[in-house]
Amino acid sequence: MKIACVGGGPAGLYFSILMKRQDPSHDITVHERNPRGSTYGWGVTCWRGLIDKLHENDPETALAIGAGAARWDRGTAYVRDDVTVREGDEALGIGRHNLLAVLAERAESLGVRLEFGREITDESAVPGADLIVAADGVNSALRETHADHFGSRIRVGDNKYIWLGTDKPFASFTFAFVESAHGWIWCYGYPFSEDRATFLVECSPRTWAGLGLDRASETDTLALLERLFAGPLDGYRLIGRAQPGVAAPWLNFRTLTNRTWSRGNLVLLGDAAHTTHYSIGAGTTLALEDAIALAGALRPGDGTAPALARYERERRSAILPMQSAARYSAQWFENLPRYMGLAPEEMFALLGQRHSPLLPYVPPQLYYRIDRTAEQSEALRRLKRWLGPRVAGTLHARSRSSA
């Protein structure tokens, strides 16, 4: 096959690797609009399960990613002056720049051509391709060329957020919640190297404007956030620019869905097909799993159309639980004041339960007691897992019909 991957992010690069491993005679080019070595963002997260999948599909890539990653197996929460620590599953953080370098080097070693500094906006720019993979992100130009066909829908979140870096060497995934005169503001911090960590800050629009962050310069923004988060930063600095000359912007998260993921020989991959709120840390994992599924669907001898349909069916089903978790997680943070009257240990417990479809409909303290009781009984845990989505669905339907 002649394959054009548009977008040199993790999804496009990993798909090219898997297809070359499947058949070295594939003619594959990855087109990336930015110059080689330039990227946005800081570190990305993934869990042990993803690394195991990468080992199954390409051990060399998995080993290289693991070698450059920071690891943690606990979470820390700062709530006002209290600090709570909880054990958790093993997770990894790796710098986005490092991840892309690993994938690009592996792809080129297998014979994939990488073409930088050229933006592809429609299929005519890649003539003769048997398959065109739109892995060009949430703002996919290829997808937007056929917007009516793909049926894209975007829901814009309420809260404001900003991706920053820090030289604080966090030893765990860290949350910090600070009550300002204008409302709550909080951060997510996690390491991705020995001396760098991602530091994402989020707050409501009211708090954002009240603190003056809507009009502050980059220098003033960093100084204010360093004062607000002085406890977890412990004297370390915040860094505003992952890329020289490009200041970090305040954003509203956009949740993207599409009615269909393919059109002829054009198929959507990763963030071009779907996005999930950053608070569940699944974006890169889902993109790489998309690449695995698409490569697996393109079996020798099968037609392209059946393969793309098989890929879409498999991935739509697989990501449904993550989309639900992301939706409820974003909602939890958008309604943060509802949970801040709890004791720190109780609040941290419900932070870990924020994916629950039942939690928004049950008083927080009552939910905490139910959750603690359920932990003592496997039968109650099963009942809670079964009952939660059904009760939440009924209550959600009633609230919509009465609105």
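This is a predicted model: local features need pLDDT of at least 70, side-chain atom pairs count only at pLDDT 80 or more; totals for chains, interfaces and linings use all residues.
Residues are numbered from 1 along each chain as its sequence is written, and side-chain values use heavy atoms, with hydrogens and water left out. Local features need pLDDT of at least 70 and side-chain atom pairs count only at pLDDT 80 or more, whereas totals for chains, interfaces and linings use all residues.

**Cavities**

A cavity is a set of points, on a 1 Å grid over the protein atoms alone, where a 1.4 Å probe fits but cannot get out, and lining residues have an atom within 4 Å of a point. Grid points are joined across faces, edges and corners, and a volume is the space filled by probe spheres set on the points. A search of the whole structure finds two cavities of 30 Å³ or more.

| Cavity | Volume | Lining residues, among them |
|---|---|---|
| Largest | about 60 Å³ | R155, D158, E202, H277, E334 |

In the lining of the second largest cavity, α2 (48-57) is one of the elements that supply at least two residues, and α2 gives the most, with three residues; helices (H or I, at least four residues) and strands (E, at least two) are DSSP runs, numbered from the N terminus.

**Sheet**

Six strands form an open sheet of mixed pairing in the order β6-β2-β1-β7-β16-β15, where two strands pair if DSSP finds at least two bridges between them. Because β6 (113-116) and β15 (262-263) stand at the edges, each with a single partner strand, one side of each is left without a neighbour in the sheet. Strands β1 (residues 2-6) and β2 (residues 27-32) run parallel and are joined by five bridges.

Terms used: On a 1 Å grid over the protein atoms alone, a cavity is a set of points where a 1.4 Å probe fits but cannot get out, and a pocket is an open set with protein on both sides within 12 Å along at least five of seven lines; lining residues have an atom within 4 Å of a point.
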